[in-house]
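The following note goes through the model point by point, for a colleague who has the coordinates open alongside.

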Amino acid sequence: MISPSLEKAYGWMYESLENLIPLAKQAGVRLLFENTPYCFTPTIQDLAGIVSTVKDDALKIVYDVANAAYIGEDPVDSLLSNHESIGLVHISDTGMQTWGHDPIATGVIDWYGLGKAVKTTCGVNNVVLEIIREEYPVQEFKKAMQDLKNQGWELGN
């Protein structure tokens with residue numbers, strides 16, 4: 001099977017957004033594009049370019065720090081540089097050899113730096129913990145919250 005050209009993919013996307021954005025506004029919701037490693041727009045620069053082209057507050061980015069780190073982006077720098085285009089942040093850790101949504105402080109993410117960046121940009125209320133584990137998910141999330149506090153995150157009670 002032959003894949004469509006990037007030009008066609010972008011064209012279909014913008015055509016779809018022309019229909020979706022008015023529907024999102026009517027429903028009182030926002031559309032969020034997520035950075036994913038195996039997508040035609042994997043980087044924050046790709047997605048921020050789309051958001052700035054569309055120029056509508058109904059379209060923002062959900063920035064996944066594990067996805068970003070896996071493709072070699074620096075999540076801290078990317079969040080600080082592009083926070084105006086980001087509506088939500090997904091947090092989990094990952095390694096560079098295996099892509100994952102792993103527990104806090106088990107991979108390559110700079111959690112202290114990311115916590116400071118989140119505090120100065122979007123705030124912790126716009127962050128979603130996205131650790132994917134089949135076994136003991138409640139315990140994993142409780143541990144993650146404590147690990148984030150240990151890394152200097154101000155999470156409240």
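1. In this predicted model, the buried residues of helix α5 are Trp 111, Gly 113, Leu 114, Gly 115, Ala 117 and Val 118. The elements that cover these residues include the helices α3 (65-70), α4 and α6 (137-150), together with the strands β3 and β4. At the N-terminal end of α5 the cap is provided by Asp 110, one of whose side-chain oxygens lies 3.4 Å from the backbone nitrogen of Tyr 112.

2. Leu 114, one of the buried residues of α5, deserves a separate look. Once its neighbours within four places in sequence are set aside, Leu 114 is in contact with Val 65, Pro 75, Val 76, Leu 79, Ile 91, Ile 109 and Trp 153. Leu 114 also belongs to the largest nonpolar core, which has 33 residues, and it is among the members that touch the most others, along with Ile 61, Val 65, Val 89, Ile 91, Trp 111 and Trp 153. The largest share of this core, however, comes from helix α2 (residues 44-54), which supplies 5 residues.

3. The sheet is open and is formed by 4 strands in the order β1-β2-β3-β4, with parallel pairing. Because β1 (31-34) and β4 (127-129) stand at the edges and each has a single partner strand, one side of each is left without a neighbour in the sheet. From one strand to the next the twist averages 25°. The pairing of β3 with β4 is parallel and runs over 3 bridges, and His 90 has Val 128 in β4 as its bridge partner. Helix α2 lies across β1, β2 (59-64) and β3, and runs at about 165° to β2.

4. Ser 85 is placed in the loop between α4 (75-82) and β3 (86-91). Beyond its neighbours within four places in sequence, Ser 85 is in contact with Ala 48, Val 51, Lys 60 and Ile 61.

5. His 101 is likewise a loop residue, lying between β3 and α5 (111-120), and at 13% relative accessibility it counts as buried. Its contacts, leaving aside neighbours within four places in sequence, are with Asp 64, Ala 66, Asn 67, Ser 92, Asp 93, Glu 130, Ile 131, Ile 132 and Arg 133. Of these, Ala 66 is 35 residues away in sequence, with a C-alpha to C-alpha separation of 6.3 Å from His 101, while the side chain of Asn 67 makes a polar contact with the side chain of His 101 at 3.4 Å.

6. Asn 19, in helix α1 (residues 6-27), counts as exposed, with a relative accessibility of 53%. A polar atom of the Asn 19 side chain lies 3.4 Å from the backbone oxygen of Glu 15. Asn 19 and Ala 144 are 125 residues apart in sequence, and their C-alpha atoms are 39 Å apart in space.

7. On the cysteines, a search of the whole structure finds 0 disulfides. Cys 39 is partly exposed, with a relative accessible area of 28%, whereas Cys 122 counts as buried at 18% relative accessibility.

Definitions and conventions
Residues numbered from 1 in each chain as written. Predicted model: local features only at pLDDT ≥ 70, side-chain atom pairs only at ≥ 80, totals over all residues. Heavy atoms only, no water. Core = buried A, V, L, I, M, F, W, Y, C linked by side-chain atoms within 4.5 Å. Buried < 20%, exposed > 50% of the residue type's maximum accessible area, 1.4 Å probe, protein only. Helix = DSSP H or I, 4+ residues; strand = E, 2+ residues; numbered from the N terminus. Contact = heavy atoms within 4.5 Å. Pairing = 2+ DSSP bridges. Axes fitted to C-alpha atoms, helices over the stretch in contact; angles between N-to-C directions. Polar contact = N/O pair within 3.5 Å; in protein donor to acceptor, adjacent residues only side chain to side chain. Disulfide = S-S within 2.5 Å.
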